[in-house]
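Thanks for sending this one over.

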Amino acid sequence: MTEPTKTTVHVLRHGEVYNPTKILYGRLPDFHLSELGHQMAKAATEVLSGRDITHVVASPLERAQETAAPFAAEFKLDIAADVRLIESANYFEGKKVSVGDGAFSNPRHWWVLRDPITPSWGEAYLVIAQRMFAAVQAARVAAEGHEAVCVSHQLPIWTLRRYVEGKRLWHDPRRRECGLASLTSFRFEGSKVVGIDYSEPAAHLVAMSATAKTAKGA
């Protein structure tokens, strides 16, 4: 009997974003990596530099494409774009959401917070999970027998992980294990996930990040 093909898909969160106005940028255009964010992307690349990466794909948003760039250079690959890896849609996009002075403190927005399970303020968790899983499966097929890198965003990555682990999708955002430039790696045998690994290759840089200290980022 033929053994199923082993493939690994590394799902990478982008690095720190330059966001001086401290808004929830979501899917808004023209939000790029900060200088520290570029260093984070390079740190993640260095950790995987000896691996058998044959496919690199990213969310179409600038911060994800820029995070993918050093991988493309290292492995001499083009960067594919997959809209299924994009950040989740969110009612609060473009608004400040920091505790105390953000949109959450304004009563006219409270109706949007009525349902934390679906959730009512944005794209349904199940929709996010299903599109992310489809994107990862497509990357697995593209890199079959080798390894792929998919660059995405915190909430989609965390939702995907909970979906694959069979956990409920609604959650406390403060408990997400998905730091800046972190790797959530899905090990496949055939089309079946047989293991998930998590690492933070840029942890030393994240410790210097204002984004990580003040908010979860996107």
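The points below go through helix surroundings, aromatic rings, the surface and some backbone details.

1. A word on the ground rules. This is a predicted model, in which local features need pLDDT of at least 70, side-chain atom pairs count only at pLDDT 80 or more, and totals for chains, interfaces and linings use all residues. Residues are numbered from 1 along each chain as its sequence is written, and side-chain values use heavy atoms, with hydrogens and water left out.

2. I would begin with helix H4 (residues 154-164). Helices (H or I, at least four residues) and strands (E, at least two) are DSSP runs numbered from the N terminus. Nine of the eleven residues of H4 are buried, so the helix is largely enclosed by the rest of the structure. Here buried means under 20% relative accessible area, exposed over 50%, and partly exposed in between (1.4 Å probe, protein chains only). The buried set consists of Gln-154, Leu-155, Pro-156, Ile-157, Trp-158, Thr-159, Leu-160, Arg-161 and Arg-162.

3. What covers H4? The cover over its buried residues includes strand S1 (6-13), H3, strand S4 (147-152), strand S5 (183-189) and strand S6 (192-199). Just after H4, Gly-166 takes a positive phi of about 75°.

4. Next, the aromatic rings. Rings of Phe, Tyr and Trp (its six-membered ring) pair if their centres lie within 6.5 Å; planes under 30 degrees apart count as stacked, over 60 as edge-to-face and the rest as tilted. The count by this rule is four aromatic pairs. One of them joins Tyr-91 and Phe-92, edge-to-face, with 5.0 Å between centres and 90° between planes. Phe-92 is buried at 2% relative accessibility, whereas Tyr-91 is partly exposed at 31%.

5. A pair between Phe-133 and Tyr-163 has its ring centres 6.0 Å apart and its planes at 65°, so it is edge-to-face. This pair links distant parts of the chain, with Phe-133 in helix H3 (residues 125-142) and Tyr-163 in H4, 30 residues apart. Phe-133 is partly exposed at 24% relative accessibility, and Tyr-163 is partly exposed at 31%.

6. Tyr-91 and Phe-92 also belong with Trp-111 to one aromatic cluster. The charged end of Lys-95 sits over the ring of Tyr-91, 4.8 Å from its centre. For this, NZ of Lys or CZ of Arg must be within 6 Å of the ring centre and within 35 degrees of the ring normal. Arg-140 lies over the face of Phe-188, 5.8 Å from the ring centre.

7. On the surface, Phe-104, Trp-110 and Leu-113 form a nonpolar patch, with about 300 Å² of accessible area together. Patches are made of residues with over 30% relative accessible area and no salt bridge, with nonpolar side chains (Val, Leu, Ile, Met, Phe, Trp, Tyr) joined within 5 Å and like charges within 9 Å. A salt bridge is a side-chain nitrogen of Lys or Arg within 4 Å of a carboxyl oxygen of Asp or Glu. Accessible areas come from the Shrake-Rupley method with a 1.4 Å probe; for residues, only the protein chains shown count as cover. Leu-113 is in the loop between strand S3 (79-81) and H3, and is partly exposed at 32%.

8. Ala-58, in strand S2 (residues 53-58), has a relative accessible area of 0%. Ala-58 and Val-151 are 93 residues apart in sequence, yet 4.4 Å apart in space, C-alpha to C-alpha. Ser-182, in the loop between H4 and S5, is also buried, at 0%. Beyond neighbours within four places in sequence, the contacts of Ser-182 (heavy atoms within 4.5 Å) include Val-11, Leu-12, Tyr-198 and Pro-201.

9. Finally, please check the backbone. Most residues other than glycine have a negative phi, and most peptide bonds are trans. Which residues does a cis peptide bond join? They are Thr-118 and Pro-119, with omega about 5°, and Pro-119 lies in the loop between S3 and H3. Asp-30 has a positive phi, near 70°, and is exposed at 57% relative accessibility. Lys-76 has a positive phi near 55°, sits in the loop between helix H2 (62-75) and S3, and is exposed at 73%.
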